[in-house]
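Hi everyone, thanks for coming. Let me put the structure on the screen, and then we can walk through a few spots together.

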Amino acid sequence: MTVEFWFLIGAALVFWMQAGFAMVETGFTRAKNAGNIIMKNLMDFCIGTVVFSLLGYTLMMGEDTFFGLIGKPNLNLFLHFKEFIASPGEGFTDASYFVFNLVFCATTATIVSGAMAERTKFSAYCLYSGVISLLIYPVEAHWIWGGGWLSKLGFHDYAGSCAIHMTGGLAALVGAVILGPRIGKYVKNRAGKVIKINAIPGHSIPLGALGVFILWLGWYGFNGAAATSPSELSSIFLTTTIAPSVATCTTMLFTWKKNGKPDVSMCLKASLAGLVGITAGCDALDAVGACIVGIVSGVLVVVVVEVLDLKLHVDDPVGAVAVHMANGAWGTIAVGFLANPDAPAGLYGLLYTGDFRQLGIQLLGVIAVAVYAVVTLCVTFLVIEKTNGLRADPADELAGLDISEHGLPSAYADFAPAVDKYADFSSGETITAVTGAAPPAEAIPVKREPAFHADGHKYTKVEIVFKEERLYALKDAMSKLGITGMTVSHVMGYGIQKGHAEYYRGVAVETDLRPKVQVDIVVSAIPVRDVIETAKKVLYTGHIGDGKIFVYDVENVVKVRTGEEGYDALQDVE
């Protein structure tokens with residue numbers, strides 16, 4: 001009873017890791033997608049519970065059949081509930097095993113969310129999350145934990161470096177490749193070659209850090225829940241503490257040396273990388289082995305993040321592939337190298353015994369699971385792409401999935417508007433489709449145009465207020481016009497649009513307070529009419545609320561650094 005009680009407490013800690021994943025993914029992405037991230041992390045557990053109950057659990061833990069490939073499906077959970085919750089003479093109740101394996105299954109599905117964040121349709125996410133929990137994870141987990149062929153060979157993955165993290169990381173990689181990068185992440189020339197890579201920082205390091213600490217706490221249940229003795233549990237807690245600590249220190253020193261300063265976000269990822277790396281062998285490695293796992297994980301997470309981004313141009317906003325896939329594979333293989341016979345698992349690693357057998361089994365298991373996962377995931381994503389569609393519309397992506405997918409103007413309401421990070425890059429795409437019927441003069445009214453004089457130097461300020469998703473397109477257009485400087489401010493706009501309503505808890509939101517961007521440009525040599533017409537062309541979609549343009553006379557311009565005034569103060573050439 002006492003051991004089973006800890007088993008279920010461990011399962012509860014693993015469930016709490018859903019909050020950690022939600023915070024990590026929210027913090028490392030932009031505020032305009034925060035609500036969408038939270039919704040996905042909520043629904044992958046809820047959808048996973050439904051499909052795992054119906055079929056996934058018995059595929060994983062049912063009677064071994066079909067040459068050790070799957071468990072035999074049954075409906076005992078629904079048809080024989082009394083027996084399902086009854087205490088057996090040996091081991092735990094079926095209900096305990098169900099809950100324990102369910103929370104692990106949900107972890108596999110949620111890993112994918114971060115790598116495909118900010119541009120995936122919510123409907124597509126629900127579909128592939130369900131498929132992962134229904135068919136993909138249960139089958140390969142049966143091989144490892146359900147009495148399948150890998151477990152019979154002696155493959156060791158105590159808490160899921162391979163079954164959960166590598167599989168989830170592979171799903172993240174396949175999904176990110178098929179989905180493509182976020183708009184503006186990579187700038188290409190006409191030949192399609194990437195000529196510039198833009199950083200898109202997340203909006204909250206504190207949220208990301210909170211998520212990491214929640215995950216680290218939950219990991220003691222993740223790795224330790226199946227322990228059956230105090231000695232085994234204490235050994236697991238020890239290795240689960242050492243590996244991520246060493247990994248984080250390694251990454252701090254590595255990035256400090258490499259970049260001149262320690263990288264905060266990368267160190268947070270390193271903590272998770274070390275936890276993933278030790279998961280397979282948490283009961284099989286000693287303190288030295290945990291240190292080695294941590295050192296390799298700390299370097300590996302940085303290298304894989306940069307290779308994916310800088311060389312392969314795979315856009316993974318939260319580093320899920322590097323943390324989970326790369327370190328899941330490494331941690332599983334490390335068991336074959338570093339297992340100490342004196343540890344609770346009693347395995348014979350190459351380093352301590354010179355025996356290659358365990359290493360060979362670990363390599364076979366990693367390859368088999370990877371092949372199965374990649375094939376089934378490719379099929380899953382491609383079918384969804386052809387039927388439902390994977391990617392959100394470009395305009396919705398630029399506006400943020402909170403508003404386009406969930407009708408949520410900002411996940412932070414009036415506390416903090418959804419502020420985008422306006423990095424110096426172009427969207428790479430121009431959204432010019434006219435979908436409304438309002439004439440340009442009504443959609444983008446111009447307030448007071450001064451007289452334009454051809455002679456002399458006249459200074460004019462053009463103030464443009466518009467939807468934030470059009471900023472990059474406007475900046476590019478103004479640059480081509482010869483505008484070399486502008487001031488960008490984030491403001492909140494209020495307006496009531498007929499026939500348009502958003503709802504909160506089923507009640508129409510009357511005050512339509514939305515994030516807007518205000519751009520201020522002062523011109524002299526460039527005709528004001530050119531600036532106005534260019535802005536109207538870029539911003540016009542045919543809907544009321546496309547923007548407003550205000551034009552003001554400016555008496556003088558002074559450059560503070562040099563003291564220059566007038567026309568000379570507007571020139572950027574030194």
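**Rings, charges and a buried helix**

Let's start with Lys269, which lies over the face of Phe28 at 4.2 Å from the ring centre. For that call, NZ of Lys or CZ of Arg has to be within 6 Å of the ring centre and within 35 degrees of the ring normal. Lys40 sits in this way over Tyr125, at 5.1 Å from the ring centre.

A quick word on the source: this is a predicted model, where local features need pLDDT of at least 70, side-chain atom pairs count only at pLDDT 80 or more, and totals for chains, interfaces and linings use all residues. Residues are numbered from 1 along each chain as its sequence is written, and side-chain values use heavy atoms, with hydrogens and water left out.

Now the aromatics. Rings of Phe, Tyr and Trp (its six-membered ring) pair if their centres lie within 6.5 Å; planes under 30 degrees apart are stacked, over 60 edge-to-face, the rest tilted. That gives 21 aromatic pairs. In one of them, the centres of Phe84 and Phe98 are 6.4 Å apart with planes at 65°, so the pair is edge-to-face. Both residues are buried, meaning under 20% relative accessible area, with exposed over 50% and partly exposed in between (1.4 Å probe, protein chains only).

How many of the 19 residues of helix 8 are buried? The count is 16, so helix 8 is largely enclosed by the rest of the structure. Helices here are DSSP runs (H or I, at least four residues), numbered from the N terminus. Just after helix 8, Gly180 takes a positive phi of about 90°.

Note on methods
Helix = DSSP H or I, 4+ residues; strand = E, 2+ residues; numbered from the N terminus.
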